[in-house]
Amino acid sequence: MTPPRPLYRLDRNDFGILLNILKEKGYLTVGPTRRDGAILYGALESVDDLPIGWTDEQEAGTYRLKCRDDDALFGYNVGPHSWKKYLFPSKTKLWSATKKGSGFEIDRETDTPPKYAFIGVRACELHAIQIQDKVFMGGTYQDPVHAGRRRDCLIIAVNCAQAANTCFCTSMQTGPKVDNGYDIVLTEIIDKARHYFVIEAGSDRGAAIVKKLPVSPVQQTDMDAAAACVENAEKQMGRKVDMTDIKDILTRNYDNKRWAELEKKCLACGNCTMACPTCFCSNVEDITDLGAEHAERWRSWGSCFTMDFSYIHGGSVRPSIGSRYRQWLMHKLATWLDQFGTSGCVGCGRCITWCPVGIDLTEEVKAICDNEEGDPSG
Amino acid sequence: MSQAVHNEYLMYPASFLVLEIWEEISGCFTLTLQPDPVVTTSFAPGQFYMLYIFGHGEVPISVSGDPVETETLTFTVLAVGSVTRKLCSVKAGDTVGLRGPFGNGWPLKLAKGHDVLVIAGGLGLAPLRPVIYHLISHASDYGKITLIYGTRTPDMILFQDELASWDERDDMTVLLTVDSAGSDWYGHVGVVTELIENAGIDPVRTTTMACGPEIMMRFTAYGLIDIGMAASDIYVSMERNMKCALGHCGRCQYGPHFVCKDGPVFAFDQVENLFRVREV
């Protein structure tokens, strides 16, 4: 456990100083920006790049931006992007090779990532990052790309003051309050008279940055206001799902009729897996130039919803869409626990919002739990 | 965090020279490969390598050679896809890439002191051949060895000369069956499970190692359980799509298991619940 560090107040008008300090320290500052009608993660040159005064409305299969009646910097929830786009890039060249005589010579690709500072990481997302840490760095083999990018990455987290209709982090115990793994955490407070942040360092690196900021001591009223923000997010939580014994329940429901209904509904587009901040499966492709002198190996995001994903000679192991949805849900909520000691779901709701036909994970879980059909003995 | 390995050798294909390649049965070739430059290799029976053909791609193939051999590695490959077809058309002197070895291998230590029943279907004999080599060279550690081997037709029987020499051994029985045959076949016709009953298997002191199509392994396992063998004494080797072999690409998932690192060999009681489900 990290010992508690002092809380401070940072005025909204001084937020730009934080970005400047990070830049001076050599960080590439990335965070939420408004682009293509959504809040997407991208480079932050200045505070003005943040979606100031915008919020989002989310429902199953629906996402809309709306103006707020204040100038909040972080007054929205998660969009279609997640931080995995930086830590686990959607396309990576692993190596290249050149033909040499009858053989070949491998040129190892060295990933030279920028030193990232992530601005505006939500509690659920921080859990997702830590889950991917387990996947890529917790086993026998370390993924050099993820490990290299994670090493120097600075995390400036933000406590959610509101929740989307598709949010269910309280059910997954991953939020809305940021609890660990951050360098700095902010709570944005807007009342009639003031617009400021309650700021707290979570690491020595974070403390060194806070020290350089024009902060003032925090009052009890500020702490109360920050706590009220998180409480508000908890109250607004759009969805709830009972995850008690979910692993055992799913494991004995491989034959539940619900999968056949999903077969009719799911388009197998893979949107949920792309938007999911923990989904880590990948494809590997070997390519050559036309002269067959130069070859490359590329890794790209994969999805268990494609036929190709489970292809072995003779055909796909999971030809039906129902079996692919089952694989995805089983993995997220059940087998992930066996593999990595944690659930693969953080309750961010992206898979619900970005499903073009509005399939709702929480609804599917409830339907299966309420209508168990498998042999309870397993 | 557990001991992390930055094993670059396992991420980048190493060059191997093709020393020899010959056709075993129609469309199925055995390749002998030597590291270039020369280094010693070692693998456990049941482990596999990722075989790379420059610019064409990579496929997981189990070693089919003798584990005592440390200068070369031997693989038996059936030409079924674009990479395996290319692998089967290489010539002596060509170079292929190898990553590995990967996976857990067969439970040869646990089987010590037991009789061993090896059951193979089709190309499933290839990953089991290193087991038989090991059992023969460590015969005093094991009881009697029984090989039950089934193929579709007589001309698809692999390693025929070796099968005959193994059958001549006092401590080993080889039983063959085919799904269908012409009038020149005097052996058994039918599925491998039919041979279990009269093979004189002592279910209590036998360890089974089976490799073949999933349906064959399923019927084999239940056939053995029916005669009193414990599910924990029956081992099966699983096959799934595989890209990285390092547990990261997620493709080889079989329920909670990653076939590449938790398998490919599983005790039947570990996977029995999954064997009952379609499309896992």
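Which residue in S6(B) is the bridge partner of Leu17(B)? The partner is Thr95(B). This briefing covers a predicted model. Chain A and chain B bury about 4400 Å² between them. Chain A is assigned a domain 1 and a domain 2, and chain B is likewise divided into domain 1 and domain 2.

**Where chain A meets chain B**

- The contact draws on 56 residues of chain A and 47 residues of chain B.
- Three residues stand out on the chain A side: Phe104(A), Arg108(A) and Tyr141(A) supply 17% of the area that chain A buries against chain B, more than any other three residues.
- Of the area buried between the two chains, 56% lies on carbon and sulfur atoms.
- The size of an interface is often given as the accessible area lost when the parts come together.
- Two salt bridges are counted between chain A and chain B.
- Arg251(B) and Asp308(A) form a salt bridge, with their closest N and O atoms 3.5 Å apart.
- Several elements of chain A each supply at least two residues to the side that touches chain B, among them strand S6 (91-100), strand S7 (103-108) and helix H3 (123-137).
- H11(A) gives the largest share of that side, eight residues.
- Sorted by class, the side of chain A that touches chain B has 23 nonpolar, 21 polar and twelve charged residues.

**The two domains of chain A**

- Domain 1 of chain A spans 7-89 + 110-236, and domain 2 spans 246-281 + 302-370.
- Their centres, taken over C-alpha atoms, are 28 Å apart.
- Domain 1 of chain A puts 29 residues into the contact, and domain 2 of chain A puts in 27 residues.
- Together these domains bury about 2200 Å², with 66% of it on carbon and sulfur atoms.
- One salt bridge is found across this interface.
- Glu125(A) and Arg350(A) meet through their side chains in a salt bridge, at 2.5 Å from N to O.
- The interface of the two domains of chain A also has 16 residue pairs in polar contact, both at pLDDT 80 or more.
- On the domain 1 side, strand S4 (54-59), strand S5 (62-67), H3 and helix H5 (169-172) of chain A each supply at least two residues.
- H3(A) gives the most to that side, with nine residues.
- By class, the domain 1 side has 15 nonpolar, ten polar and four charged residues.

- Eight strands of chain A form an open sheet with mixed pairing, in the order S3-S2-S8-S9-S10-S11-S1-S12.
- Strand S3 (38-43) and strand S12 (216-217) of chain A are the edge strands, and each pairs on one side only.
- Strand S2 (residues 28-35) of chain A runs antiparallel to S3(A), and six bridges join them.
- Gly31(A) stands opposite Gly42(A) in S3(A).
- Arg9(A) and Asp222(A) meet in a side-chain salt bridge, 3.5 Å from N to O.
- This pair links distant parts of the chain, 213 residues apart: Arg9(A) is in strand S1 (residues 7-11) and Asp222(A) is in helix H7 (residues 220-236) of chain A.
- Over all chains, the structure holds 30 salt bridges.

**The two domains of chain B**

- Domain 1 of chain B covers 8-102, and domain 2 covers 115-275.
- The centres of these domains, taken over C-alpha atoms, are 22 Å apart.
- The contact takes 24 residues from domain 1 of chain B and 20 residues from domain 2 of chain B.
- These two domains bury about 1700 Å² between them, 70% of it on carbon and sulfur atoms.
- Within domain 1 of chain B, Ile25(B), Phe48(B) and Ser64(B) lose the most area to domain 2 of chain B, together 26% of what that side buries.
- Zero salt bridges are found across this interface.
- Three residue pairs are in polar contact between the domains of chain B, both at pLDDT 80 or more.
- The domain 1 side divides into 13 nonpolar, seven polar and four charged residues.

**Strand pairing in chain B**

- Strand S1 (residues 14-25) and strand S6 (residues 95-102) of chain B run antiparallel, joined by four bridges.
- S1(B) also pairs with strand S2 (residues 28-35) of chain B, in the antiparallel sense over eight bridges.
- Ile25(B) has Cys28(B) in S2(B) as its bridge partner.
- The hairpin of S1(B) and S2(B) has two residues between the strands, and Gly27(B) takes a positive phi near 80° there.

How values were computed
Residues numbered from 1 in each chain as written. Chains lettered and ligands numbered in written order. Heavy atoms only, no water. Contact = heavy atoms within 4.5 Å. Buried area = accessible area lost by both parts, 1.4 Å probe. Salt bridge = Lys/Arg side-chain N within 4 Å of Asp/Glu carboxyl O. Nonpolar A, V, L, I, M, F, W, Y, C, P; charged D, E, K, R; others polar. Pairing = 2+ DSSP bridges. Domains from an automatic or database assignment. Polar contact = N/O pair within 3.5 Å; in protein donor to acceptor, adjacent residues only side chain to side chain.
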